[in-house]
Structure formats: structure tokens, C-alpha cells
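I opened the model today to look up a few local features. My notes follow in the order in which I checked them.

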Amino acid sequence: MAESHAATWAVIGGSGTHGCDFPEAAGSGARILDEGLVFETPAGQSPPFSLFETAGGKRVLHMQLHGWRAGVTRGQASQQVFHVLARAGVKRIISEAGVGSLNHLLDPRDIVIPDDFIDLTTHRDPAPVAGGRLLIMRDPVCPVVAGALLEAARGQAGGRVFGRGTCVVTEGPRFESRAEIRMMQPHGDVIGQSMCPEVWLARDIGAHYAALYIVVNYAEGVVRDWEHEVLKEIFEEDAVRQSRIILQAIDAVDETAGCGCGELSKDTLL
Ligand SMILES: [Zn+2]
């Protein structure tokens, strides 16, 4: 990878910003440095990345993981992305996505910044990218990056904002059955398809990780049947707000603040 593609931040784009041209659409002063960057990795050719600089001068690699490329599983795509992020020197990652609500108190357009997860994926490569470390998942999300997201989200008009919640991660790309949701509902607040393996691959490559989720529908059997039209509206109308929150959070993070993430990766004993 060329030195000119080095970056200390990454944004893994999902369905929350899919409806707009990230990051320019946010109008937050981010400047594209390069785009259409495709890298060869041990897991195959990466999805296209862009490299941009925030108004505060932070260099950020961005790719859109929403959508499935023919012949590439979601797990393979994550492997490709994290090989690129490791080589670029990325130390902080924000991931965003649209999620379903398991907690019946949540409504569409609420924002959840998760602090824990349950991995129910079934077909994702469990191999680490860097390897050689014992990855402790006691506090999987970086409190400093998550705190900046929470503050930025609270400053934007829109739905309610919650600073904690457990995300149950499923394989996708299909949605879940009513019986599956009944099984999962006691164990989580939201359901999504992206937090794993990202959250632990971030720790594997020595990066801090936090996620910004917007509730786009009720999970099956929760509150009431969700409406496709509302889902589409949220994707289209809330993408700019999500983009602004992410860019504001990146510039607000104090990179010298202690967070404890580094203590949760130890020399492997095996
Ligand atoms: Zn951290």
C-alpha cells in the first residue's frame, strides 16, 4: 500500500449512510483525497475505498460494506477490509448500520450506540487478521469513541439517542423469523448483521471500535409489523444526519484520552 493511503481512522459504511454521498453530503468540510482504491489482500480483492480528510485534519479510510458483492460473503468482505485497515495504520474505527429493534421500547429512527454484542453468525471466517493475541471482549466498544458519538448524536435533531445496548448479530442477508426473534428478544436490544466480526477484528489489529446504529424497523413480532415504506424513508432521509454525527465525533475524539482498550488484548498463551 502506498504511503499516501495511510490513515488513522476508518468509517465502515452500512445502510445508515447508504442513501447519501458520504462524506461530502454532510456539508461538514470533509475533503476527498483519493477514491476508487481497490487493494489486493490475502482474503481477495477489497471493496473500493475512499480516503478523505475531516475538517479537523484527520485522515479517514471509508468503504461501503452494505450490499453483497457477487461471490463474496460478508465474512470475506470483513477480512478484506481489515487487512487493508491494518496495513494503512488505522487505530480508530466507526461502523454504522441500520438495525431492527428487539427491545419493545425502541422505535424507528432511534439511535443506539451499542456497548455489547452476541455473535449468532454462522458462516463468517473466524480467522484473525493480525493474530497472535488473546482478544478479551469484556468491554468490546471503545468508551472514548462511543462517548464522542453519543455527544454528537444528542446534538442533532431526530429520534431518541441511547448510549448502550446489546446487538445480536445474525448472518443475513435475510431477515429473521418470528420464532428466531422470540428466542433472541430476551438477550438483546437491537439486531443487526455487521458488528461481528468487525468488533473483534478491530481489537485484533489494535484499533478502537464503536458503532452508530439507527433503528429502521421493528424485529418480527416486536410491537407491530414494520413497513417497507418507512424503512425506505429512513434510509433516504436520515443518511445525512448519520454522516454529520460520524464526522463530528471523529473530530471531537481526544486521541490522548485513556480508554482501556489496549488492556484487553494480551499475549496469547497457546
Ligand atoms: Zn479505546
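**Entry 1: isoleucine 205**

I began in the loop that runs between helix 4 (195–204) and strand 14 (208–218), where isoleucine 205 lies. The model is predicted, and I kept that in mind throughout.

Is isoleucine 205 buried or exposed? I found 23 C-beta neighbours inside 10 Å, so isoleucine 205 counts as buried; the cut-off for buried is 20 or more.

Next I asked which residues isoleucine 205 touches, leaving out those up to four places away in sequence. I listed Phe82, Leu85, Ala86, Val129 and Ala130. I also looked at proline 128: 77 residues separate proline 128 from isoleucine 205 in sequence, while their C-alpha atoms are 8.5 Å apart in space.

**Entry 2: helix 1**

Phe82 and Leu85, both on the contact list of isoleucine 205, took me to helix 1, which covers residues 74–88. I noted 15 residues in helix 1 and a reach of 21 Å from the first C-alpha to the last, close to the 21 Å expected at 1.5 Å a residue.

I then went through the burial of helix 1: Ala77, Ser78, Gln79, Gln80, Val81, Phe82, His83, Val84, Leu85 and Ala88 are buried. Just after the helix I came to glycine 89, which has a positive phi of about 85 degrees.

**Entry 3: helix 1 against helix 4**

How do helix 1 and helix 4 pack? I read an angle of about 25 degrees, with the two axes 10 Å apart. Angles under 35 degrees count as roughly parallel, and helix 1 and helix 4 are therefore roughly parallel to each other. I recorded the crossing of helix 1 past helix 4 as right-handed.

For the residues involved, I noted Gly75, Ser78 and Phe82 on the helix 1 side, meeting Pro197, Glu198 and Leu201 on the helix 4 side. Sorted by class, this contact has three nonpolar residues, two polar and one charged.

**Entry 4: aspartate 119**

My last stop was strand 9 (residues 116–119), which holds aspartate 119. I counted 17 C-beta neighbours inside 10 Å, so aspartate 119 counts as partly exposed.

Which residues are in contact with aspartate 119, apart from its neighbours within four places in sequence? I found Val169 and Cys196. Cysteine 196 lies 77 residues from aspartate 119 along the chain, and I noted 6.3 Å between their C-alpha atoms.

Technical notes
Residues are numbered from 1 along each chain as its sequence is written. This is a predicted model: local features need pLDDT of at least 70, side-chain atom pairs count only at pLDDT 80 or more; totals for chains, interfaces and linings use all residues. Helices (H or I, at least four residues) and strands (E, at least two) are DSSP runs, numbered from the N terminus. The expected span of a helix is 1.5 Å times one less than its number of residues. A residue is buried if 20 or more other C-beta atoms lie within 10 Å of its own, exposed if 12 or fewer, and partly exposed in between; C-beta atoms are placed from the backbone. Two residues are in contact if their C-beta atoms, placed from the backbone, lie within 7 Å. Axes are lines fitted to C-alpha atoms, for helices over the stretch in contact, and angles run from 0 to 180 degrees between N-to-C directions. Angles under 35 degrees count as roughly parallel, over 145 as roughly antiparallel, 65 to 115 as roughly perpendicular and the rest as oblique. A crossing is left-handed if the near helix is turned anticlockwise from the far one by less than a right angle, and right-handed if clockwise. Ala, Val, Leu, Ile, Met, Phe, Trp, Tyr, Cys and Pro count as nonpolar, Asp, Glu, Lys and Arg as charged, and the others, Gly among them, as polar.
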